[in-house]
Amino acid sequence: MSLALPRTPDLTRRHFLGATALQAAAAAGLTTVSAPASAADRGAAAGDSFPAVVVGSGYGASVAALRLGEAGVTTLVLEMGRLWEEPAADGKVFCGMLNPDRRSMWFKDRTEAPLDTLLWLDVVNRPIDRYPGALDRVNFEEMSVYVGRGVGGGSLVNGGMAVTPARSHFEKVLPGVDADEMYRTYFPRARAMLGVNSVDPDWFGSTPYYRYARVARDQAHQAGLTTAYVPNVYDFGYMEREERGDVAASALASEVIYGNNHGKRSLDKTYLAAALGTGKVTLRTMSEVESVRPEPGGGYVLAVKEIDVNGSVVSRSEVSCRYLFLGAGSLGTTELLLRARESGALPGLGEELGTGWGPNGNIMTGRANHPWNPTGARQSAIPVLAIDDWNHPTHPVFAEIAPVPAGIETGISLYLAITDNPERGTFELDPASGKLRLNWRRGQNAPAVASAKSLFDRVNRANGTSYRYDLFGDDRAFAGDFCYHPLGGCPLGAATDAYGRLPGHPGLYAVDSSLIPGSIGVNPFVTITALAERNIARVLAEDVTTGR
Ligand code: FAE
């Protein structure tokens, strides 16, 4: 079964116009992208002044850009990363995981993949040239955070798992949000716009590419646990054609964390294409917002640094706007706001800013399978199954069954476990270096490790198997020193009002993962998208009055 993108005539036309504009800009090597606007729209942006500016182009930012464009508000999107549309000399836009090159990571000398050794051998990570690659790993003192960089943010590099949280957990984490409205209106809207679909269970049951998931499923069932199919934004119809050899392979060719060349409905194919297609939205890439200050008389001024692919500064400029939507992610949005508070530029920002950060209870772990029960040399890089033990009374876990698409039999069952770790971290600016600091101690992972261990001890006991200790560079079975799901820093209803408005500063909004206080119990992008849809609907109805 494969669901298509929303097919109303207007949206289809917008997607087409926007996608064409993205491709044309990439082919011409441009860092500014816009679809043709009507004559009446030209001039709505005077000089470098726009009615609305959106910072970043991940989930929250893309929702804001589309809905502003639809409402007729001339909008500029500023993204620090590249536009990923144009093939390189090898004919591919992104590099694969088995042979990573400079396209893999954001200005690193060596790749920093999460699973970094096999049999304790340093065979996974490679030296690379410094380049604005798609995946970044931000290394704080005791926690590393993976994020996407480029047009589409995390949607370029993530596993595409599109999960709606358990309503009880959503209500616990965000008690101020009307859950009825979310589950009736905004979650369905987000799923439809993102192009969520599900794997065909018959195909899943027979393809060699999901043997690893079937092995892990059967072992979970042996331990009395429940598994569930997990929807995804990767087009499963395309994946089936990959197996038949009808189309170029992507998920079945070990592509995911450094980008998918085909099959994945990343945001540049969905929300952002539609946003550009309104003719009201312009996108500037390689443009990092360094600071924000208020404009006398209302609105905001942003200091913007444009870089080239060597990381050299091409220009520094200022952009002003009446309405400013921060969608730079949990790290990026919190950092910009902390800088503005600490410098005195935005004094209204309160003490709750920088609080409520968590890694969504992320723990990665691997189990060793018996030689007579192989997981398969051919593995789809897109996960489709999870162990759902979220209702466990003391150790709730939602564990994604992850691939190890190494191209050889590894015998590993790998998991990204999401746990209900109540620990939270805080952000601050280091007084000496001025850099963003995350106050999170490794010991704060202990509740998450305890939950993951409780679950996988049960799986190992029931199957006579054990953990792998060779995967994370030392002899740990559980890796909790990195995360894929940074959440919080600007918690909704605490650092902001109930709709993401920053206190004391009219027209300033947080729209992304920074709003969710540390945990959502499942992979987070559907929630980030749905919450952004809810908040922008209210903001457009109540706040935005000019430039239409
Ligand atoms: P995000 O998508 O991070 O986008 C922020 C954007 O802002 C980025 O493009 C930045 O380059 C840009 N930016 C930052 N600072 C600035 C600045 N100062 N100026 C201009 N631009 C800036 O934000 N989630 C799921 O639900 N399912 C999954 O299967 C899944 N798998 C994942 C796998 C990996 C490897 C990773 C890294 C993440 C995964 N996630 C997954 C998490 C998900 O991608 C993440 O929660 C969202 O992308 C966060 O969305 P935001 O809108 O907050």
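These are my entries, grouped by topic.

**Entry 1: aromatic pairs**

I began by reminding myself that this is a predicted model. I then looked up the aromatic rings, and the structure turned out to hold 19 aromatic pairs. I picked out Trp84 and Phe94: their ring centres are 5.1 Å apart and their planes meet at 20°, so I noted the pair as stacked. Both residues sit in the loop between strand 3 (75-78) and strand 4 (135-139), 10 residues apart. I also checked burial, and Trp84 and Phe94 are both buried.

My next pick was Phe325 with Tyr509, another stacked pair, at 4.7 Å centre to centre and with 15° between the planes. Phe325 belongs to strand 10 (residues 313-326) and Tyr509 to strand 20 (residues 508-510), so this pair ties together parts that are 184 residues apart in sequence. Are these two residues buried or exposed? Phe325 is buried, because its relative accessibility is 1%. Tyr509 is buried too, with a relative accessibility of 1%.

I jotted down one aromatic cluster as well, formed by Trp203, Phe204, Tyr210, Tyr212 and Tyr229.

**Entry 2: arginines over rings**

I went back to Trp84 and found Arg82 over its face, 4.1 Å from the ring centre.

**Entry 3: the largest cavity**

How many cavities of 30 Å³ or more are there? I noted three. The largest cavity holds about 60 Å³ of space. Helix 11 supplies the largest share, four residues. By class, I wrote down nine nonpolar and three polar residues, with no charged ones.

While on helix 11, I looked up Arg534, which is found there. Arg534 counts as buried because its relative accessibility is 3%. From Arg534 to Leu471 I noted 63 residues in sequence and 41 Å in space, C-alpha to C-alpha.

**Entry 4: helix 10**

Helix 10 (residues 446-463) has 18 residues and reaches 25 Å from its first C-alpha to its last, close to the 26 Å expected. Among its buried residues I noted Ala448, Leu455, Phe456, Arg458 and Asn463. Gly464 follows helix 10 and has a positive phi, near 65°.

Most residues other than glycine have a negative phi. That made me look for exceptions, and I wrote down two of them.

Trp120 has a positive phi, near 60°. Trp120 lies in the loop between strand 3 and strand 4, the loop that also holds Trp84 and Phe94. Trp120 is exposed, because its relative accessible area is 52% and the cut-off for exposed is over 50%.

Met286 also has a positive phi, near 55°. I found Met286 in the loop between strand 7 (281-284) and strand 8 (287-294). Met286 counts as buried, because its relative accessibility is 5% and the cut-off for buried is under 20%.

Key: Residues numbered from 1 in each chain as written. Predicted model: local features only at pLDDT ≥ 70, side-chain atom pairs only at ≥ 80, totals over all residues. Heavy atoms only, no water. Phe/Tyr/Trp six-rings, centres within 6.5 Å; stacked < 30°, edge-to-face > 60°. Helix = DSSP H or I, 4+ residues; strand = E, 2+ residues; numbered from the N terminus. Buried < 20%, exposed > 50% of the residue type's maximum accessible area, 1.4 Å probe, protein only. Lys NZ or Arg CZ within 6 Å of the ring centre and 35° of its normal. Expected span 1.5 Å × (residues − 1). 1 Å grid on protein atoms, 1.4 Å probe; cavity = no way out; pocket = protein on both sides within 12 Å on 5 of 7 lines; lining within 4 Å. Points joined across faces, edges and corners; volume = space filled by probe spheres on them. Nonpolar A, V, L, I, M, F, W, Y, C, P; charged D, E, K, R; others polar.
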